[in-house]
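Dear colleague,

I am writing to hand over the structure that we discussed for your first reading. Please look through the sequence and the model below before you turn to the notes that follow.

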Amino acid sequence: MPTISAFERSPDRGRGLARDMSVRWALEEVGQPYDVRLLSFAEMKEPAHRRLHPFGQIPTYEDGDLMLFESGAIVFHIAERHPGLLPDDANARARAIAWMFAALSTVEPPIVERGAATLTERDKTWYATRLPILDDRVRARLADLSIRLGDADWLDGRFSAGDLLMVTVLRRLNGSGLLEDYPNLCAYIARGEARPAYKRAFADQLAVFTGKPPTGE
């Protein structure tokens, strides 16, 4: 049974934004039981954890003699090992992998940059000028993604690891006011959140923060 690491006290207050969320969701989608090792911020920086994650972050993934870090790499490994998250057809599989990279390399960076600014730069004199620029960068990505998705349920046919990562990334914009201009993306996120595997993963992550066991799906 694989073991993943997660925050002992998540800074997102259990809202499903911590990096272990996508890994939990992937494991739930493929029906793979797993253990979770909870870490304090201090423990994340200790040598024992840095042997698993050189940058002292979460999540990590251990399965036998395999140790992985980086949520995208872990989700990719899970998707390769188990049916359900990558198509059998070679071309469709390659496209799903491309969407995994797109989520983390193209769509997420401006979202994370904007989020960091709202947390750390609000008291700066340049914040009022900088925020609209950051918003426009995010909107540019959302507009392109909205056009590509159109009225489809998922990015390329059936639900895949590409959708799993993309929905996880887009959820970082909840409460920003930027998603409302793209109703199809809002519906796309809602479809992801409605999946039973997502609900189980979210409940498990929330239970760590609240200290209450999940009620189950």
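To begin with a question: is Glu108 buried or exposed? With a relative accessible area of 8%, Glu108 is buried. Please keep in mind throughout that the model is a predicted one.

Salt bridges

Arg172 is partly exposed, and its relative accessible area is 28%.

In total, the structure holds 15 salt bridges. Another of them joins the side chains of Glu29 and Arg195, at 2.7 Å from N to O. Here Glu29 comes from helix α1 (residues 20-30) and Arg195 from the loop between α8 (183-194) and α9 (196-210), so the pair ties together parts that are 166 residues apart in sequence. Glu29 is partly exposed at 22% relative accessibility, and Arg195 is partly exposed at 24%.

A further salt bridge brings together the side chains of Glu121 and Arg130, at 2.9 Å from N to O. Glu121 counts as buried, with 16% relative accessibility, while Arg130 is partly exposed, with a relative accessible area of 24%. These two residues also belong to a network of salt bridges that links Glu113, Glu121, Arg130 and Arg137.

In soluble globular proteins, nonpolar side chains tend to be buried together. In this model the largest nonpolar core has 47 residues, and Leu142 and Met166 are those with the most contacts inside it. Two or more residues of this core come from each of α1, α4, α5, α6 (127-149), α7, α8 and α9. The largest share, eight residues, is given by α5.

Which residues does Leu142 touch, once its neighbours within four places in sequence are left aside? Leu142 is in contact with Leu170, Leu173, Leu178, Leu179, Tyr182 and Leu185. There is also a second, separate core of five residues, which includes Phe7, Ala18, Leu39 and Ile58.

Helix α4 deserves a look of its own. Its buried residues are Ser71, Gly72, Ile74, Val75, His77, Ile78 and Ala79. Among the elements that cover these buried residues are α1, β3 (60-63), β4 (66-69), α5 and α7.

Pockets

Rolling a probe the size of a water molecule over the atoms shows where empty space is left. The largest pocket has a volume of about 990 Å³. Its lining is made of 31 residues, and Leu17, Arg19, Val112, Leu119 and Arg172 lie nearest its centre. Two or more lining residues come from each of α2 (41-44), α4 (71-81) and α5 (90-120), and α5 gives the most, with eight residues. By class, this lining divides into 14 nonpolar, 10 polar and seven charged residues.

The second largest pocket has a volume of about 260 Å³. The residues that line it include Pro83, Gly84, Asp88, Arg158 and Phe159. Seven residues of this lining are nonpolar, two are polar and three are charged.

Cavities

How many cavities of 30 Å³ or more does the structure hold? There are two. The largest cavity contains about 80 Å³ of space. Two or more of the lining residues come from each of α5 and α7, and α7 gives the largest share, three residues. The lining has five nonpolar, three polar and three charged residues.

The second largest cavity contains about 50 Å³ of space. It is lined by Ala6, Phe7, Ser10, Ala18, Asp20, Arg24, Gln205 and Val208. The elements β1 (3-7), α1 and α9 each give two or more residues to this lining. Four of the lining residues are nonpolar, two are polar and two are charged.

With kind regards

How values were computed. Residues are numbered from 1 along each chain as its sequence is written. This is a predicted model: local features need pLDDT of at least 70, side-chain atom pairs count only at pLDDT 80 or more; totals for chains, interfaces and linings use all residues. Side-chain values use heavy atoms; hydrogens and water are left out. On a 1 Å grid over the protein atoms alone, a cavity is a set of points where a 1.4 Å probe fits but cannot get out, and a pocket is an open set with protein on both sides within 12 Å along at least five of seven lines; lining residues have an atom within 4 Å of a point. Grid points are joined across faces, edges and corners, and a volume is the space filled by probe spheres set on the points. Helices (H or I, at least four residues) and strands (E, at least two) are DSSP runs, numbered from the N terminus. Ala, Val, Leu, Ile, Met, Phe, Trp, Tyr, Cys and Pro count as nonpolar, Asp, Glu, Lys and Arg as charged, and the others, Gly among them, as polar. A salt bridge is a side-chain nitrogen of Lys or Arg within 4 Å of a carboxyl oxygen of Asp or Glu. Buried means under 20% relative accessible area, exposed over 50%, partly exposed in between (1.4 Å probe, protein chains only). A nonpolar core is a set of buried Ala, Val, Leu, Ile, Met, Phe, Trp, Tyr and Cys residues joined through side-chain atoms within 4.5 Å. Contact means heavy atoms within 4.5 Å.
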